[in-house]
Amino acid sequence: MDPSRIKAARHELLGLHKALIDAARVELERIDGRLNANEMLDRLLNDERLAWLRPLSELIVAFDELLESETPIDPAPYVARAVALLTYDAAAEADPFATAYARLLHEVPDVTMAHAATMRALA
């Protein structure tokens, strides 16, 4: 995978991450009331209800490190990790990310669209 495709995949991962954060924010605000940007950032960093998002956040950081590396790194393991994370596996039902992601993928159109764009970029 050439660097421009890796950048495109990272871009789509960021879009997916944003769609998931937006969906999570809607759910939080139903319970906790309106959140400003600082409150939402604090929730993302500290609220265990949003801990399920961390695997995707960590994956984006890994893609950033891949792109910033001065030595050539094989992107295949990063891409495989992303595909595995974003592909539903019945065996992963106990995984918090898999559970929340599968639900939002079916309930939130923006998440569905971002998922499709991300999977195309990872192909």
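Helix α5 has 12 residues and spans 17 Å from its first C-alpha to its last, close to the 16 Å expected at 1.5 Å a residue. The model is predicted.

**Helices α5 and α6**

- The buried residues of α5 are Phe97, Ala98, Ala100, Tyr101, Ala102, Leu104 and Leu105.
- These buried residues of α5 pack against α1, α3, α4 and α6.
- Helix α6, covering residues 109-122, contains 14 residues. From its first C-alpha to its last, α6 reaches 20 Å, close to the 20 Å expected at 1.5 Å a residue.
- Burial in α6 involves Val111, Ala114, His115, Ala117, Thr118, Ala121 and Leu122.
- The partners against which the buried residues of α6 pack are α1 (3-32), α3 (54-68), α4 (76-86) and α5 (96-107).

**Packing of α1 with α6**

- The axes of α1 and α6 lie 8 Å apart, and the two helices pack at an angle of about 165°. This angle makes α1 roughly antiparallel to α6.
- The crossing of α1 and α6 is left-handed.
- On the α1 side, the contact is made by Arg5, Ala8, Ala9, Glu12, Leu13, Gly15, Leu16, Ala19, Leu20 and Ala23. On the α6 side, Asp110, Val111, Ala114, His115, Ala117, Thr118, Ala121 and Leu122 take part.
- Classified by residue type, the contact of α1 with α6 comprises 12 nonpolar, 3 polar and 3 charged residues.

**Packing of α1 with α2**

- Helix α2 (residues 37-46) packs with α1 at an angle of about 105°, and the axes of the two are 11 Å apart. α1 and α2 are therefore roughly perpendicular to each other.
- From α1, the residues Ile21, Arg25, Leu28 and Asp32 meet Ala37, Met40, Arg43 and Leu44 of α2.
- The contact of α1 with α2 has 5 nonpolar and 3 charged residues, with no polar residues.

**Packing of α3 with α4**

- An angle of about 160° separates the directions of α3 and α4, whose axes are 11 Å apart. That angle makes α3 roughly antiparallel to α4.
- The crossing of α3 and α4 is left-handed.
- In α3, Pro55, Leu56, Glu58, Leu59, Ala62, Phe63 and Leu66 meet Tyr78, Val79, Arg81, Ala82 and Leu85 in α4.
- By class, 10 nonpolar and 2 charged residues form the contact of α3 with α4, and no polar residue is part of it.

**Individual residues in α1**

- Histidine 17 lies in helix α1. Histidine 17 counts as buried because its relative accessibility is 15%, where buried means under 20%.
- Not counting residues up to four places away in sequence, histidine 17 touches Leu56, Ser57 and Ile60.
- Isoleucine 21 is also found in helix α1. With a relative accessible area of 15%, isoleucine 21 is buried.
- Isoleucine 21 is in contact with Met40, Leu44 and Leu53, leaving aside its neighbours within four places in sequence.
- Isoleucine 21 and leucine 44 are 23 residues apart along the chain, and their C-alpha atoms are separated by 8.4 Å. Both residues belong to the contact between α1 and α2.
- Glutamate 29 has its place in helix α1. Apart from neighbours within four places in sequence, glutamate 29 is in contact with Arg34 and Leu35.
- Glutamate 29 and alanine 116 are 87 residues apart in sequence, and 27 Å apart in space from C-alpha to C-alpha.

**Glutamate 65 in α3**

- Glutamate 65 is placed in helix α3. At 52% relative accessibility, glutamate 65 counts as exposed, since exposed means over 50%.
- Between glutamate 65 and tyrosine 88, which are 23 residues apart along the chain, the C-alpha atoms are separated by 26 Å.

Notes:
Residues are numbered from 1 along each chain as its sequence is written. This is a predicted model: local features need pLDDT of at least 70, side-chain atom pairs count only at pLDDT 80 or more; totals for chains, interfaces and linings use all residues. Side-chain values use heavy atoms; hydrogens and water are left out. Helices (H or I, at least four residues) and strands (E, at least two) are DSSP runs, numbered from the N terminus. The expected span of a helix is 1.5 Å times one less than its number of residues. Buried means under 20% relative accessible area, exposed over 50%, partly exposed in between (1.4 Å probe, protein chains only). Contact means heavy atoms within 4.5 Å. Axes are lines fitted to C-alpha atoms, for helices over the stretch in contact, and angles run from 0 to 180 degrees between N-to-C directions. Angles under 35 degrees count as roughly parallel, over 145 as roughly antiparallel, 65 to 115 as roughly perpendicular and the rest as oblique. A crossing is left-handed if the near helix is turned anticlockwise from the far one by less than a right angle, and right-handed if clockwise. Ala, Val, Leu, Ile, Met, Phe, Trp, Tyr, Cys and Pro count as nonpolar, Asp, Glu, Lys and Arg as charged, and the others, Gly among them, as polar.
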